[in-house]
Structures are given as structure tokens and as C-alpha cells.
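Here is a short briefing on how two chains meet. Please look over the sequence and the structure before reading on.

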Amino acid sequence: MSLNPWVVVPAYNEGDVIGGVVASIIRQGFEVAVVDDGSTDDTAVVAENAGATVIRHPINLGQGAAIQTGIEYTLTLGAPYILTFDGDGQHAAEDLKAMLEPLASGKADFTLGSRTMGRAVNLPLSRKIILQAATLFSRISLGRSLTDTHNGFRGMTRRGAGLINLRHHRMAHASEILGQIVRSGLPFVEVPVTIQYTDYSLQKGQGALEAVRILAELAAGTVRR
Amino acid sequence: MTAQIFLSLLLFVAIIYAWIATSRAPAIGVLFGLVALTGLYFVWLPSHAIAIAHRLGIGRGVDLVIYIWMVFSVLAILNLHLNNKALLDKITELARRIAISETTSRVALDEDKDDPGA
């Protein structure tokens, strides 16, 4: 049973960067669980060689599903704290300790990384507009004022993680997890973090059409079995 | 008369499908069933379609039937989407269990190799 904090990194075809991401996290003193979401490149091998525990989805299911798998796996290991971290190199491992501190001190059960409170380096205007629209949508739907609602950098205590059950497999999970966090009634705080945009990460990120798709998924998700 | 019987059989199947769908998605199933029953009603009483259409401000009875059919189709598509989502959820859960089980076994094997005396 591991009593170290774990970082869950969902990854799909991130063979070029995942090694560096894993190494940077390990340098900060965290255990790393990379969820290889059916990659067709060498993501799993590179991540494993860099020191991560790799959980391999047999097929591609989506980032939301990968995060849920990572959370469930690390909970079985007894992880007291679980953080989620993007596999494309956008997040800074140096922010991990700041994300962990409110959890470890008992101040909160969830920490939400905020690029608005922190820094967004090389953020294109079009992406900024989409993110602001997403933030506005989340404020209206959740009734809470948050500064960054689509940031994959999150932290949770074991208690909080046990309440997360993502059913949106793809990018709509970002809104879904926020909803579950707010509805859990457990305390959460936003933490300033740095997001570094690169050509590599931008071409993997969400465009305007993806934002429309996310809205459609969320709307369809309101009608469930 | 032949057309009425044929359409009635189709709509009867739709009503059974709606009843089955009710167990998975009650709201969809009930709406589906109501629309199918309405269709059945208009098949045997087409003059009522005309009267109701006029009351609703729709020009012709056949237009009303078309609009109802559009609603029927949207509900059918939504039901299919929900069924697909349910299937995907099951596939995801299965894939997750396989992934976690394999990882747990692999990690245990690696630990045994590192410390065979344990």
C-alpha cells in the first residue's frame, strides 16, 4: 500500500513528451500513474522507462475515462492524495506541491488549478475566448464563481476522489468533474498554476468545434437512463 | 384500408418498443409511446387530424402528422444515443477492469522479481 501522493497522467500518443513529463513529476517527489489510453505510439514504453506505473487501456476511450481509471487504480493502492496532470507538457510539475498543500493541511478536499490566477504562457486569443466562454457556462450551470473551469490540473483527497465518477469519456468530463466537485459539498480551492502552451500542445487541444461538441455531450448527458 | 392496417401494425410495434424503452429511459419511452398512440389515432380517424391541425394553427392535417413524425424521429434518435451511451459505459468499465487487473499483476510480478525472498 502506497502512502505517497500519486499523480495521474492520462496520455494518448504522447510518446514525444511523456518521458519528460514523468521525469519532472518524479523529481518533485510524487508517484506517477500514466494511463495509456490506447496509444498507437510508444507512449506506454517511454512512460514506463521514465519511472511511471503505466495502466494500459486496451482501446482508446477518452481522457475522461483515462482519468477515472487512474483515480480508481491509485485508490486501490491506498493513495491519500491524487492529482491529475496533463500528459502533453502544458502543466508545470513545480506547481504540484502548491496543489497538494491545501489537501495535506486539511483546508480542502479538492484543489483546482487556475491559469487565470497564475500564468498562461503563449495562450492564443482564440483559445482564451473559448476558455472564457467555458468559464461563463460553468458559472451559470454551477452557480459558483470560478476563474478557470477547464483546467486538467486538479488535486483531491482520498475522500474526494471516492466521490468522483466520470461518465463523460471525452472532453466533456472537465465540466462533469467540476459539477461533481461542487455537488459533493466538500471544500475546494483554486490554486494559481502555470500553463505553458506550445505548438505541440495547441494542436492537441480543444478547438471551437470541440467546444460545441462538449456542449452537445453535456446536454445529451442530462437525459440518462 | 390496407395502408391503415399496415401502418397500425408498424405503430403497434413502435408502442411495444416504447414500452421496452420505458424501463431504460422512462421519459423517452412514455413520450415515444404517446407519439405512437397519437399516430395510431390519426391513422383510423384522419378527419380528426384535420380538425386538430386547424385548432393548432397548422394548415393541413397531413402537416400535423409530419410534425408528429419529426418528433417521433428525434425521440428515436435520442433513444438510440442513450442505448449507445449505455453500451459505451459498459465497454469502458470492462476495459478499465482489464487495464487495472493487468497492471496490478504486472506490478506484483515486477516486485517479486526485485525481491524474490519476500
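**The interface between chain A and chain B**

Chain A and chain B bury about 1,800 Å² between them, and 61% of that area is on carbon and sulfur atoms. This is a predicted model. The size of an interface is often given as the accessible area lost when the parts come together. In terms of residues, 20 of chain A are in contact with 19 of chain B.

**Contacts across the interface**

- The count of salt bridges between chain A and chain B is 3.
- In one salt bridge, the side chain of A:E48 meets that of B:R106, with an N to O distance of 3.4 Å.
- Polar contact between chain A and chain B is found for 7 residue pairs, with both residues at pLDDT 80 or more.

**The side of chain A that touches chain B**

- Two elements of chain A, β3 (53-56) and α3 (63-76), each supply at least two residues of the side that touches chain B.
- The element that gives the most to this side is α3(A), with 5 residues.
- By residue type, the side of chain A that touches chain B divides into 9 nonpolar, 5 polar and 6 charged residues.

**Confidence of the prediction**

- For the complex, the predictor gives an ipTM of 0.85 and a pTM of 0.81.
- Chain B has a mean pLDDT of 87.
- Within chain B, 97% of the residues reach a pLDDT of 70 or more.

Definitions and conventions
Residues are numbered from 1 along each chain as its sequence is written. Chains are lettered from A and ligands numbered from 1 in the order in which they are written. Side-chain values use heavy atoms; hydrogens and water are left out. Contact means heavy atoms within 4.5 Å. Buried area is the accessible area (1.4 Å probe) that two parts lose on being put together, summed over both. A salt bridge is a side-chain nitrogen of Lys or Arg within 4 Å of a carboxyl oxygen of Asp or Glu. A polar contact is a pair of N or O atoms within 3.5 Å; within protein, one must be able to donate a hydrogen and the other to accept it, and residues adjacent in sequence count only if both atoms are side-chain atoms. Helices (H or I, at least four residues) and strands (E, at least two) are DSSP runs, numbered from the N terminus. Ala, Val, Leu, Ile, Met, Phe, Trp, Tyr, Cys and Pro count as nonpolar, Asp, Glu, Lys and Arg as charged, and the others, Gly among them, as polar. pLDDT is the predictor's confidence in each residue, from 0 to 100.
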